[in-house]
Amino acid sequence: KVTVKNIERELVCPACKELFTHPLILPCQHNVCHKCLKEILFALEDSFADGGSESSNQSSPRIKMSSSSLDRIDRLSRSGTKRNSLTPRSSLFPCPGCQRDIDLGERGINGLFRNFTLETIVERYRQAARAAIAVMCDFCKPPPQESTKSCMDCSASYCNECFKIHHPWGTVKAQHEYVGPTTNFRPKILMCPEHEMERVNMYCEICRRPVCHLCKLGGCHANHRVTTMSTAYKTLKEKLSKDIEYLISKESQVKAHITQLDLLLKETECNSERAKREASESFEKLSRVLEEKKSAALRAIETSKSLRLKKLQTQAEEYQGLLENNGLVGYAQEVLKETDQSCFVQTAKQLHIRIQKATESLMSFTPAAETTFEDFVVDIAKQEDILGDLSFHSNGLEIPEINEEQSRMYNKALISWECPGKTDSADIYVLEYHKLNGEEESVTWQEIEVCSKRKVIPDLDDDSSYAFRVRGCKGSVCSPWSQQVILRTPPAPVFSFLFDDKCGYNSEHLLLNPKRTSVESRAGFPLLLGSDRMQVGCYTTLDYIIGDTGIAKGKHFWAFHVEPYSYLVKVGVVSNDKIQKLFHNTHDVTSPRYEQDSGHESGSEDAFFDSSQPFTLVTLGMKKFFIPMTPAAPKDPASRILPLPSRLGVCLDCDKGKVGFYDVGHMKCLYECEVDCSGIMYPAFALMGGAAVHLEEAITAQCEEHHDNI
């Protein structure tokens with residue numbers, strides 16, 4: 001049983017952050033209150049008229065929109081789309097739920113459905129939240145009595161007495177539908193907003209909304225795929241029920257995730273506090289350095305000032321002495337009063353030298369010290385730029401990203417990464433990985449230091465998932481960790497082999513490379529020469545090639561790549577006692593299905609063609625993967641055709657007698673079947689027309705060296 005109070009989050013409008021009131025369903029399937037929708041459109045209109053976004057959101061306290069929503073309103077208002085009313089012929093609405101601009105269509109608000117189901121749930125929530133508050137009768141004289149029932153046809157609530165008065169027996173109103181006291185009145189029939197007099201009776205699968213027959217006949221849904229309302233109801237209800245049952249069955253997993261999220265919340269709080277402390281310490285350290293530099297600079301300026309003042313003061317005193325009856329001049333005047341020639345000469349000689357110097361300094365006056373302090377101007381231009389770029393990654397190290405396309409898991413793991421800025425600012429990289437195991441409470445990362453941007457990791461467990469992450473380091477400074485990437489190892493040990501150029505190899509139709517790791521089939525002269533034997537309904541046999549090594553026991557895996565241009569390729573396994581049947585009659589043959597004397601006019605004998613073959617093969621071609629037709633396979637042909645993966649793998653389990661075909665990129669099994677493994681099994685391939693197959697190369701240490709050389 002669902003407790004209504006537990007689902008309050010789903011009942012809150014994303015615009016006003018309050019319980020929904022008359023919610024409307026947007027084309028993006030989100031819900032918004034009718035009033036909120038109008039107010040947001042009003043804000044758009046006013047913003048467009050004022051040429052900015054500083055408009056009427058302030059006058060609508062109901063709307064509590066985020067800054068991103070306001071930015072989108074500002075962008076829409078300047079997009080050049082004129083809005084003369086609330087329902088323009090084409091209006092964009094910034095959905096507060098998905099943060100996307102939604103086209104409301106020609107009818108605007110009038111073309112939106114009212115979500116009566118959500119409205120009913122909100123009403124139940126309101127009643128549960130205010131159980132003590134009764135719904136009063138709408139027709140009682142004051143004071144009104146508590147209502148006992150509500151009429152869905154009259155959209156009003158009544159007490160017992162008023163209900164009898166307004167719904168007398170023997171009248172039409174006596175047949176009205178009534179329910180318990182409520183304030184939520186919904187129409188009995190859902191009408192089409194496009195054609196107000198028509199009820200909706202179909203469901204458009206393209207637009208995902210109910211439509212009427214006029215919408216299908218000549219409206220905007222004329223060319224859309226529609227279904228009956230009952231079918232849509234049944235289908236959607238079954239899907240929703242299955243999804244709900246699945247989520248309920250995963251309750252323990254959800255609780256585990258909630259517990260993990262609670263721990264992450266606490267960890268985030270602790271880490272944020274630690275980060276703030278570290279940031280504060282860093283800035284305090286910078287402040288201390290700046291304070292020290294500031295004190296040193298001020299002391300230097302003060303020392304220079306004192307020295308200059310002293311020099312200028314001395315110079316000023318010297319010039320003060322040149323005044324009459326002062327200093328040097330006054331002393332010289334007193335010396336001139338000496339009448340004794342010997343004494344005068346003794347004193348005057350030295351005095352005369354001083355007077356001459358004073359005279360020379362007077363003629364070329366130069367201050368004893370500079371008054372400017374240009375040498376003490378602090379140049380902070382570079383430091384200002386550095387501080388302006390100050391951030392949490394001020395070390396200049398970019399966060400590396402693991403390249404999933406270049407990384408691969410085969411006999412070993414090859415992990416490749418790169419920096420977004422394509423610069424190699426790190427001296428060394430640290431690669432960490434661990435095996436994913438839900439039973440382990442604590443995760444132990446294995447660490448490897450790498451000098452390049454690629455690393456080969458050996459000795460990983462088969463059929464296991466591993467998480468990888470990397471970061472760059474320069475000296476003692478490290479960048480944050482990259483986003484984790486999860487890769488899965490093959491389901492079995494890798495089996496190595498080459499194409500056999502002896503057993504049944506047709507060198508006229510097939511071309512092997514020197515390493516025997518690639519084979520190519522060319523539709524050339526051999527096919528043209530054989531075309532003179534072709535009649536209506538004829539076909540050319542496939543050219544087969546097998547691996548040069550067989551498997552007698554155990555579980556093995558190998559991978560390969562099929563060129564996208566390949567017309568027809570078959571891959572699988574064949575036993576040694578059936579190889580002769582595989583290569584029997586390699587020339588062009590005529591299908592018995594169409595021979596004039598065969599007596600067969602039907603292809604029913606080909607229904608399960610693969611089940612009667614002496615080998616197990618699946619068909620590839622034209623960028624598709626075809627699941628063989630078996631009793632267990634889907635009946636719908638379209639569901640048996642899958643996109644061709646970039647790399648394919650084959651897993652042979654001789655002990656269990658099974659062979660599986662995998663998408664190597666995701667290590668996902670596409671098809672698995674039983675196979676007779678009584679003999680020695682060989683990898684088998686068949687090509688027709690223009691086609692090519694390349695065996696997956698084993699991952700070696702040279703892969704790192706090759707990457708470094710590049």
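Reader: Which ring does the charged end of Arg308 sit over?
Author: In this predicted model, the charged end of Arg308 sits over the ring of Phe373, at 4.3 Å from the ring's centre. There is also Arg469, whose charged end sits over the ring of Trp481, 4.3 Å from its centre.

Reader: And rings with rings, how many aromatic pairs does the structure hold?
Author: The structure holds 15 aromatic pairs. In one of them, the ring centres of Tyr410 and Phe557 are 6.5 Å apart and the planes stand at 70°, and because an angle over 60 degrees counts as edge-to-face, that is how this pair is classed.

Reader: Where do Tyr410 and Phe557 lie?
Author: Tyr410 lies in the loop between β13 (408-409) and β14 (413-418), whereas Phe557 belongs to strand β24 (residues 555-562), so the pair ties together parts that are 147 residues apart in sequence.

Reader: Buried or exposed, those two?
Author: Both Tyr410 and Phe557 are buried.

Reader: What about Tyr433 and Phe468, how are their rings arranged?
Author: Tyr433 and Phe468 form a stacked pair, with 5.9 Å from centre to centre and 25° between the planes. Tyr433 comes from strand β15 (residues 428-435) and Phe468 from strand β18 (residues 465-474), so this pair ties together parts that are 35 residues apart in sequence.

Reader: Why does Phe468 count as buried?
Author: Phe468 counts as buried because its relative accessibility is 1%, and the limit for that class is under 20%. Tyr433, with a relative accessible area of 8%, is buried as well.

Reader: Which rings join up into a cluster?
Author: Ring pairs link Phe139, Tyr158 and Phe163 into a cluster.

Reader: Switching to the packing: how many residues are in the largest nonpolar core, and which have the most contacts inside it?
Author: The largest nonpolar core has 47 residues, and those with the most contacts inside it are Trp558, Phe560, Leu652 and Phe685. Strand β24 gives the most to this core, with five residues, and the core draws at least three residues from each of domain 3 (402-488) and domain 4 (510-530 + 539-585 + 613-700).

Note on methods. Residues are numbered from 1 along each chain as its sequence is written. This is a predicted model: local features need pLDDT of at least 70, side-chain atom pairs count only at pLDDT 80 or more; totals for chains, interfaces and linings use all residues. Side-chain values use heavy atoms; hydrogens and water are left out. Rings of Phe, Tyr and Trp (its six-membered ring) pair if their centres lie within 6.5 Å; planes under 30 degrees apart count as stacked, over 60 as edge-to-face and the rest as tilted. Helices (H or I, at least four residues) and strands (E, at least two) are DSSP runs, numbered from the N terminus. Buried means under 20% relative accessible area, exposed over 50%, partly exposed in between (1.4 Å probe, protein chains only). A charge sits over a ring if NZ of Lys or CZ of Arg is within 6 Å of the ring centre and within 35 degrees of the ring normal. A nonpolar core is a set of buried Ala, Val, Leu, Ile, Met, Phe, Trp, Tyr and Cys residues joined through side-chain atoms within 4.5 Å. Domain bounds come from an automatic or database domain assignment.
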